[in-house]
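Trainee: Can we go through this one together? I have it open and would like to ask as I go.
Mentor: Fine, show it.

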Amino acid sequence: MDAILFMLFAAIAVVCGINLVVQKHPISSALSLVGVMAALAALYLLLGGEFIAAAQLVVYAGAIMVLFIFVIMLLNAGTERRGRRSWTHYADVPILLVFVGLIAALIANRMPGSEAVIFGQFTKGTAKDIGSALFTTYLLPFEVTSVLILIAILGAIVLARKEID
Amino acid sequence: MQLWLIPIFPLLGFVLNGLLGRRLPKSAVNAIACGSVFLSFLWVLKVLFGANAFSGGLETVQVEKYFTWIQSGTLSIGVDFAVDRLTAVMLMIVTGVGLLIHIYATGYMAQEGGYYRFFAYLNLFMFFMLILVLGANFLLLFVGWEGVGLCSYLLIGFYFLEKFASDAANKAFIVNRIGDFGFSLAVFLIAMHFGSLDFGTVFTTVNGMPVEAHAGWMTAIALLLLVGATGKSAQIPLYVWLPDAMAGPTPVSALIHAATMVTAGVYMIARSSAIFLHSAHALDVVAIVGIATAFFAATIGLTQFDIKKVYAYSTVSQLGYMFVGLGTGAFSAGIWHVMTHAFFKALLFLGAGSVIHALSGEQDLRKMGGLRQYTPITMWTLLCASLAIAGFPFLSGFYSKDAILAAAYEHAPWMFWIGVITAGMTAFYVFRAFFLCFFGEYRGDLGGDKHGHGHKDHGHGSHGTPHESPPSMWIPLAILAVLSLVGGYLFNIPKYLEPLFKAPEEAPGSEWTMYVSIAAGLTGIGLAYVFYVLSPGIPQSIAQTFAIPYRWIYNKYFVDEFYDAAVVNPIVDGSRSLMWRMIDASGIDGIVNGIGHVARALGDLVRQTQSGFIRSYAAWVVMGAILVIAAMAITGGTR
Amino acid sequence: MEFFVIAIIKAAVVAFILLTALAYLQWAERKVLAHIQLRVGPRRVGPHGLLQPLADVIKLITKEDMMPSHVNKVFWFMAPFIAVLFALIPIAVIPFGTELNTPAVDLGPLHIPAIHTPMQLTDLNIGVLFVLGISGLGVYGVALAGWSSNNKYSLLGGLRSSAQMISYELPMALAIATPLLALNTLSFRGIVDGQAGYYFGFIPRWAIFQVFPLNIISFLIFIIAAFAETNRVPFDLPEAENELVAGFHTEYGSMKFAAFFMAEYCNMVTVSCVATLLFLGGWHPPFPSEFGSKFLPSLIFIGAAIISFLHGMSPARPFDRFTLPAFGVVFLILAAIFLVPPVAIVLLPIFWFTAKLCAVLFVYIWIRGTLPRFRYDQLMRFAWTFLFPVAVVTLFLAGLAVALFP
Amino acid sequence: MPMPPPLPASVPISWYLMLSAILFSLGVAGFLFRRNIITVFMSIELMLNAVNLSFITFSYKLRQVDGHIFSFFVMVVAAAEAAVGLAIILTVFKNRQTLQIDEISSLKN
């Protein structure tokens with residue numbers, strides 16, 4: 001059962017990811033990214049991270065991507081033109097293959113025969129645990145992040161507001 | 001018990017006054033400053049009554065752990081506060097006397113500039129002092145120690161526009177650095193040897209040890225602690241900063257340089273009595289330093305004409321007494337003297353301040369005199385203080401000083417005799433100041449022009465005729481007067497501190513020491529009366545007959561000049577010629593500039609890669625990642 | 001195995017009831033609006049127009065599904081289904097009642113084991129977050145529809161709705177968080193259980209009465225934000241007929257249009273359910289059973305029966321002579337059912353839940369009949385400069401209250 | 001990823017990590033291939049998600065909640081980044097009327 005679910009959502013994630021890369025239109029890419037995120041949320045649930053899954057939906061899919069789509073619509077960004085081809089364009093594919101290969105090799109020799117992921121094995125991912133960890137051990141980082149958010153809001157307003165002149 | 005509330009109130013006062021004080025009216029600043037200290041005083045009372053400390057409770061230390069501050073290896077230092085009877089005494093002194101002096105200062109500083117700044121510093125000082133006495137480990141003690149040092153620096157240099165004030169501040173700060181260096185070394189040694197800084201663990205370990213065990217360690221730690229104490233408590237050889245510290249406003253002299261901060265050294269030694277008791281030599285050193293300082297400072301005090309200088313040297317000498325008490329094993333007697341001294345010396349300084357206030361900033365005894373009809377309250381209160389310090393029978397000073405002298409006699413008779421002589425001198429110079437100030441007729445100029453005076457607090461009013469101080473000043477005087485009259489009788493500290501320190505056992509048939517010290521005190525007073533009231537000519541003639549020793553003493557044995565010649569000037573010249581010209585100018589600057597050139601050359605080189613195309617940057621990044629991963633895959637990385 | 005069977009059956013039942021309810025919700029809306037405007041509303045098709053929804057559905061299905069040119073086909077097709085999908089999913093975690101326990105039945109060949117299952121598709125213990133997340137996704141349908149139909153009005157509608165939904169999700173989330181502070185769980189069932197009981201024996205311990213009066217404020221905030229989230233009047237700018245000619249679904253016809261319509265009403269139902277569960281005590285009756293709350297449904301139905309009988313005596317229209325008594329009989333049967341103890345145990349919670357749900361939905365319709373539409377800048381300013389700060393302050397105060405008086 | 005003929009009841013952790021790696025490199029690919037700033041930006045988000053997945057996976061392996069905390073922080077930071085980044089993109093578009101990443105190659109305009 002777990003395996004089937006994993007296969008399903010992993011397949012969705014990978015397909016959507018590929019779609020993100022190959023699609024010419026930003027909206028298609030955005031939607032496929034949403035797909036990836038939804039699939040990842042399901043995988044988080046499999047891994048026992050229920051709160052994170054919900055947060056993934058609310059924050060990423062619900063807020064950030066909507067923002068992206070909003071901007072895309074606002075700028076009415078069309079399909080991209082063929083720009084000048086920089087040297088990277090040719091080097092990219094081999095680079096990526098090497099990259100994936102390396103990581104695969106690393107994982108393969110680092111965790112051979114690693115334990116199986118069984119749904120329900122990990123029960124520490126509830127909102128309660130995360131909340132308690134967040135407000136005791138990680139209190140300072142949490143506060144710092146809140147300040148960061150504040151700064152981001154101000155920056156966004158300053159950048160995007162119309163110049164009154 | 002919520003001990004943390006005690007230091008928090010002054011801290012809040014500091015924050016409020018320091019941030020908003022400039023905009024607040026004076027009344028608000030007063031309310032914040034005094035109110036915060038009053039609140040912490042109330043909380044101290046609540047805590048002590050809650051632990052019914054005054055009715056036989058609080059026999060054992062009560063610790064409150066708040067959070068772990070430093071955790072490195074096995075050494076774990078927490079922010080913990082502890083209160084036991086010793087702390088209780090210190091808390092009462094600090095908050096009580098501190099409160100009185102705050103109230104006094106509201107009147108004394110009324111015409112000063114930087115009003116809010118003054119009270120902000122004062123509150124900060126209270127905060128650090130409370131940390132010092134409340135801290136449950138050596139590091140917190142050290143924090144408070146440094147903090148009060150900082151505040152003392154800020155407050156001595158309160159009139160930082162005057163050169164002498166800032167010089168005095170720097171002097172105090174630098175001299176204290178020497179002591180603090182010793183203290184920090186001691187703390188390191190303790191951490192090294194005991195693996196902990198908590199008073200509880202350290203002292204239980206020490207008490208667990210046989211007396212002679214680790215004698216070397218104990219002596220080293222004790223002596224280094226003593227170095228720190230001599231710095232903070234102005235003992236030989238580091239006493240030189242205290243007299244100059246009188247450049248600060250008089251309430252500061254009373255609070256910091258008489259009542260509380262300078263006794264921190266005594267408190268620290270008493271706190272770590274367990275360590276000292278394990279090293280007889282260190283105790284002897286303490287006693288000798290103490291007695292030497294007491295005598296030495298007293299002799300200087302005989303000749304000074306600046307009223308605050310006189311009291312400053314008497315402070316040094318009284319601190320010497322306390323050290324004698326500590327060094328002779330009579331810790332409780334030392335603490336007792338801390339308390340009584342806090343009462344009468346604070347009173348002396350406040351009275352002096354009141355006199356200075358009355359004379360619109362005059363500090364020179366030669367320009368005073370005959371003030372008794374102008375400032376009766378000040379006179380009477382000062383009389384109480386002077387009698388108390390002179391060890392007049394059954395006043396506060398009498399009890400503590402007698403306890404110390406008795407202990408000194410038990411320890412070594414010669415110490416006792418020097419102590420007695422010092423007591424006589426103390427009585428003499430205090431009453432010399434008293435008579436010069438209040439008897440005879442007014443030698444100052446009633447015109448009220450204040451030109452040509454030396455350093456002094458500035459601009460109290462503009463009128464020349466002496467005037468009594470406002471109630472906000474003389475009410476604290478009155479309270480302190482009462483305390484210095486009956487304080488020693490009311491609070492029998494040695495009995496109270498029984499659980500911590502064994503009381504010095506009164507050897508049978510040693511009551512005569514008491515009579516001797518009384519006699520010495522009375523003689524001193526009598527001599528002063530003869531010299532400065534009956535026939536004022538005598539001092540001059542004595543000064544002429546013993547011209548050379550007089551000049552020595554009058555110039556404080558040229559110790560400052562000696563220090564300048566021996567320590568200060570070499571350092572200054574060395575740093576100017578060697579450090580600056582050779583090492584800094586040529587060496588370091590050269591290196592820095594060289595680095596700059598190299599960086600520029602590299603920049604020119606690397607700039608070629610900055611094509612401005614984000615994706616090429618990304619490709620670079622990916623390649624870097626690949627390299628890292630490859631390195632991990634090859635080397636195996638860290639499992 | 002049995003688990004799957006039960007789940008499928010429950011899903012089927014819930015889906016059927018929900019879809020019918022949606023259809024009739026729309027009928028109810030038309031009726032109520034009509035009466036607010038002193039009209040009669042649909043009454044031709046079936047008695048009191050009760051068959052109107054069916055007729056509408058048939059009409060919409062049989063309409064020609066024309067596709068305008070220049071639309072982005074993929075997304076244009078996708079949009080309505082996305083909308084409906086994300087509107088239907090949250091229902092899965094909404095509990096309707098306590099629990100269903102039936103003894104094992106054995107009818108020769110087929111043997112039905114003893115069933116006991118919550119009146120709910122699945123009890124997720126982060127249900128609230130789940131609903132928030134999914135309803136956050138709902139915006140994609142609208143936005144895509146607006147963008148893909150290649151029409152400036154629709155694009156504006158899409159933009160508006162996405163901006164509006166992002167803006168109003170914050171106060172909504174904060175308002176939801178306020179009762180959770182006191183209830184201390186994220187599972188709907190736990191939340192409802194946390195609201196059982198009565199203060200002083202008669203004031204229900206519902207969430208709005210709990211951290212008095214903060215939760216009432218946050219309830220209002222939640223309702224307002226919910227109106228905006230579901231694009232309802234007075235926040236229905238994405239589909240403002242008279243300025244955007246129906247906004248994001250201008251270009252949609254027949255079944256796709258119906259899909260959007262269904263999504264909107266389904267969202268209404270969802271947020272009303274959430275409001276009922278989070279603030280109005282779920283299926284807990286408004287006054288304790290010793291005051292006879294368990295007989296109230298029967299009384300109501302009997303009263304309805306009597307009324308319909310009386311009307312049947314003096315029919316306004318000829319066929320009422322038969323229909324109304326028929327209704328009366330139905331009502332009587334319902335009343336009788338509610339008096340059977342084992343059934344009542346299951347049905348009473350559902351009755352109260354439904355009653356509260358209908359109340360909230362009625363408020364929706366009522367508001368629509370009453371209030372004018374916001375202007376867009378007003379909408380945004382209202383969200384960011386009023387609703388959001390108030391929600392933050394309320395949450396803060398509530399946290400303080402919960403921390404100080406646990 | 002190679003699927004073994006008999007599907008196991010559950011998959012090993014390393015598969016999750018592989019999935020994360022694949023998604024990450026897909027993100028890199030998007031970053032390298034795409035020309036539209038917004039798409040590039042979305043590729044970054046994809047990479048962040050991949051990293052989050054491995055965080056969660058490791059926190060499953062270690063049976064600790066810290067991984068969740070980290071990915072939570074990543075989300076928050078990503079939100080901030082998206083806000084600022086999109087604002088920047090808006091400004092860039094206002095000044096240059098283009099979203100082509102190659103045409104925005106000079107610091108001065």
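Trainee: In chain B, what share of the contacts with a separation of 6 or more comes from residues 24 or more positions apart?
Mentor: The share is 81%. Keep in mind that this is a predicted model.

Trainee: And what is the secondary structure of chain B?
Mentor: Chain B has 25 helices and two strands. Of its 639 residues, 52% are buried.

Trainee: What pLDDT does chain B average?
Mentor: The average is 85, and 94% of the residues score at least 70. Over residues 447–463 of chain B, however, the pLDDT is below 50. That stretch still has 33 contacts in the model beyond near neighbours in sequence.

Trainee: How should I read a part like that?
Mentor: Where pLDDT is low, predicted coordinates should not be read in detail.

Trainee: OK, the strands. In which sense do strand 1 and strand 2 of chain B pair?
Mentor: They pair in the antiparallel sense, over nine bridges. Strand 1 covers residues 62–72, and strand 2 covers 75–83. As one example from the pairing, B:Lys65 stands opposite B:Asp80 of strand 2.

Trainee: What is between the two strands?
Mentor: Two residues, and the strands form a hairpin. B:Gly73 is in the turn and has a positive phi of about 60 degrees.

Trainee: Switching to helices. Which residues are buried in helix 7 of chain B?
Mentor: In that helix, residues 199–208, the buried ones are B:Phe199, B:Val202 and B:Val206. Seen down the helix axis, the buried residues of helix 7 of chain B fall within an arc of 80 degrees, so they line one face of the helix.

Trainee: What covers them?
Mentor: The cover for the buried residues of helix 7 of chain B includes strand 2, helix 6 (163–194), helix 11 (264–271) and helix 12 (273–277) of chain B. Strand 2 is the one from the hairpin with strand 1.

Trainee: And helix 5 of chain B, how many of its residues are buried?
Mentor: 15 of the 19, so helix 5 of chain B is largely enclosed by the rest of the structure. Helix 5 covers residues 138–156 and reaches 26 Å from its first C-alpha to its last. That is close to the 27 Å expected at 1.5 Å a residue.

Trainee: Now loops. What is the peptide bond from B:Ile236 to B:Pro237, cis or trans?
Mentor: It is cis, with omega near 5 degrees. B:Pro237 is in the loop between helix 8 (215–232) and helix 9 (241–244) of chain B.

Trainee: What else is in that loop?
Mentor: B:Ala234 lies there, between helix 8 and helix 9 of chain B. Its phi is near 55 degrees, a positive value in a residue other than glycine.

Trainee: Why point that out?
Mentor: Because most residues other than glycine have a negative phi, and most peptide bonds are trans.

Trainee: Is B:Ala234 buried or exposed?
Mentor: Buried, because B:Ala234 has 31 C-beta neighbours inside 10 Å, and 20 or more is enough to count.

Trainee: Where is B:Phe491?
Mentor: B:Phe491 is in the loop between helix 19 (471–490) and helix 20 (493–496) of chain B. B:Phe491 is buried, with 20 other C-beta atoms within 10 Å. The C-alpha atoms of B:Phe491 and B:Ser396 are separated by 9.2 Å, and the two residues are 95 apart along the chain.

Trainee: On to chain C. How many helices and strands?
Mentor: Chain C has 14 helices and six strands. Buried residues are 41% of its 406 residues.

Trainee: Where is C:Asn184, and what is its phi?
Mentor: C:Asn184 is in the loop between helix 6 (152–183) and helix 7 (188–193) of chain C. Its phi is near 65 degrees, positive in a residue other than glycine. C:Asn184 is partly exposed, with 13 other C-beta atoms within 10 Å.

Trainee: Last topic, chain A. How many of its residues are in contact with chain D?
Mentor: 71 residues of chain A are in contact with 61 residues of chain D. Helix 3 of chain A gives the largest share of the chain A side, twelve residues. By class, that side has 53 nonpolar, ten polar and eight charged residues.

Trainee: And between chain A and chain B, how many residues?
Mentor: Eleven residues from chain A and eleven residues from chain B. On the chain A side, eight are nonpolar, two polar and one charged.

Methods:
Residues numbered from 1 in each chain as written. Chains lettered and ligands numbered in written order. Predicted model: local features only at pLDDT ≥ 70, side-chain atom pairs only at ≥ 80, totals over all residues. Helix = DSSP H or I, 4+ residues; strand = E, 2+ residues; numbered from the N terminus. Buried ≥ 20, exposed ≤ 12 C-beta atoms within 10 Å, placed from the backbone. Contact = placed C-beta atoms within 7 Å. Nonpolar A, V, L, I, M, F, W, Y, C, P; charged D, E, K, R; others polar. Arc of directions from axis to C-beta. Pairing = 2+ DSSP bridges. pLDDT = per-residue confidence, 0-100. Expected span 1.5 Å × (residues − 1).
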